[in-house]
Amino acid sequence: MMKNLESHPIDRSSDDVAAPGDIGVPVSVRIRERIKRASERFHANDNIAGFIAPGELEQLQVEVEGKVLGMLQSLVIDTESDHNTRATARRVARMYVQEVFRGRYQPAPRVTDFPNIEKLNELMIVGPITVRSACSHHLCPIIGKLWIGVLPNERSNLIGLSKYVRLADWVMSRPQIQEEAVARLADLLEESMRPDGLALVMEADHFCMQWRGVKDMDSKMTSSVMRGSFLKDPTLRREFLALMGNGFRA
Ligand SMILES: [Zn+2]
């Protein structure tokens with residue numbers, strides 16, 4: 001079964017037809033107006049793909065490029081004579097829109113799930129998966145490892161190994177805080193698989209503490225989410241943490 005998770009229909013009822021004087025309206029304003037009309041959220045870690053019409057993402061990237069250029073100018077960097085920074089605005093805009101924050105702008109990856117024909121009900125562990133995100137406070141990288149434990153039941157849908165990686169990447173490629181990222185990925189996995197239990201552990205380096213701030217290179221942040229049988233059954237939880245531990249800090 002194919003699923004398109006977290007999709008929104010685009011309501012272009014009132015902005016499809018450009019009104020006179022609309023010519024100069026930035027594409028970000030048009031997208032934001034649609035989101036507001038639908039009473040949806042557009043926080044840094046929300047996916048807004050359903051509100052972006054075909055062709056608008058390219059326009060958005062051009063708009064972001066202009067704003068990044070303005071920031072470089074305000075930082076008094078000579079983007080005309082300094083050949084190293086001449087194309088920086090374009091590169092940064094592409095990096096944000098198409099790469100590191102693409103989880104905000106691209107629809108959810110299509111996930112094919114299949115019924116649990118073998119009636120598997122044993123603990124499965126996936127990981128460590130390398131995950132890359134950014135803090136929403138400074139837009140500094142967060143890079144770490146993620147382990148997923150699943151206890152399926154006979155009615156659960158199962159997904160292939162690579163799908164865990166693709167879903168994790170989609171959720172992580174947004175500015176956010178680590179605890180929210182892990183919780184949101186757990187919601188998504190629960191929704192697609194309906195397991196008896198789900199456990200996620202993420203351990204990550206936060207460049208906002210290493211590159212700036214306290215500049216502590218050794219501190220890592222670990223966050224976990226335990227749901228269903230992992231919450232109720234300490235033995236299962238210990239089994240997961242022990243098996244995960246074999247790959248921990250590897
Ligand atoms: Zn930060």
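Biologist: What covers the buried residues of α2?
Modeller: This is a predicted model. The buried residues of α2 (56–74) are Leu60, Val64 and Glu65. They span an arc of only 145 degrees around the axis, which places them on the same side of α2. What covers them includes α1 (27–37) and α3.

Biologist: Which exposed residues does the face of α2 turned away from its buried side carry?
Modeller: The buried side is made by Leu60, Val64 and Glu65. Turned away from that side is a face with exposed residues, and these are Glu58, Gly66 and Gly70.

Biologist: How far apart are the end C-alpha atoms of helix α3?
Modeller: Helix α3 covers residues 88–100, 13 residues in total. A straight helix would reach 18 Å at 1.5 Å a residue, and α3 falls short of that. By contrast, α2, with 19 residues, is close to its expected 27 Å. The end C-alpha atoms of α3 are only 16 Å apart.

Biologist: Which elements do the buried residues of α3 pack against?
Modeller: The buried residues in question are Ala89, Ala93, Tyr96 and Val97. One of them, Ala93, also belongs to a second, separate core of 11 residues that includes Ile52, Val64 and Phe101. The elements that the buried residues of α3 pack against are α2 (56–74) and α4 (102–105).

Biologist: In what order do the five strands of the open sheet lie?
Modeller: The edge strands are β6 (175–176) and β8, each pairing on one side only. β3 pairs with β6 in the parallel sense over two bridges, while β3 and β4 pair in the antiparallel sense over nine bridges. β4 and β7 are also antiparallel, over 10 bridges. The pairing is mixed, and the order is β6-β3-β4-β7-β8.

Biologist: Which residue in β7 stands opposite Gly144?
Modeller: Strand β4 (residues 141–151) has nine of its 11 residues buried, so it is largely enclosed by the rest of the structure. In its pairing with β7 (residues 197–206), the residue opposite Gly144 is Ala204.

Biologist: Which residue in the turn of the β3 and β4 hairpin has a positive phi?
Modeller: Strand β3 takes in residues 124–135, and β4 takes in residues 141–151. The hairpin they form has five residues between the strands. The residue in the turn with a positive phi, about 60 degrees, is Leu139.

Biologist: Which residues touch the most other members of the largest nonpolar core?
Modeller: The core has 32 residues. At least two residues come from each of β3, β4, α5 (161–172), α6 (178–193), β7, β8 (220–228) and α9 (234–245). Ala168, leaving aside neighbours within four places in sequence, is in contact with Ile129, Val131, Leu146 and Leu185. The residues that touch the most other members are Leu167, Ala168, Leu185 and Leu200.

Biologist: Is Asp196 buried or exposed?
Modeller: Asp196 lies in the loop between α6 and β7. Not counting residues up to four places away in sequence, Asp196 touches Leu151, Pro152, Asn153, Gly228 and Ser229. A residue is buried if 20 or more other C-beta atoms lie within 10 Å of its own. Asp196 has 20 such atoms within 10 Å, so this residue is buried.

Biologist: How many Å apart in space are Asp196 and Phe230?
Modeller: In sequence the two are 34 residues apart. Taken from C-alpha to C-alpha, the distance between Asp196 and Phe230 is 8.5 Å.

Key: Residues are numbered from 1 along each chain as its sequence is written. This is a predicted model: local features need pLDDT of at least 70, side-chain atom pairs count only at pLDDT 80 or more; totals for chains, interfaces and linings use all residues. A residue is buried if 20 or more other C-beta atoms lie within 10 Å of its own, exposed if 12 or fewer, and partly exposed in between; C-beta atoms are placed from the backbone. Helices (H or I, at least four residues) and strands (E, at least two) are DSSP runs, numbered from the N terminus. Two strands pair if DSSP finds at least two bridges between them. A nonpolar core is a set of buried Ala, Val, Leu, Ile, Met, Phe, Trp, Tyr and Cys residues joined through C-beta atoms within 7 Å. Two residues are in contact if their C-beta atoms, placed from the backbone, lie within 7 Å. The expected span of a helix is 1.5 Å times one less than its number of residues. The arc is that of the directions from the helix axis to the C-beta atoms.
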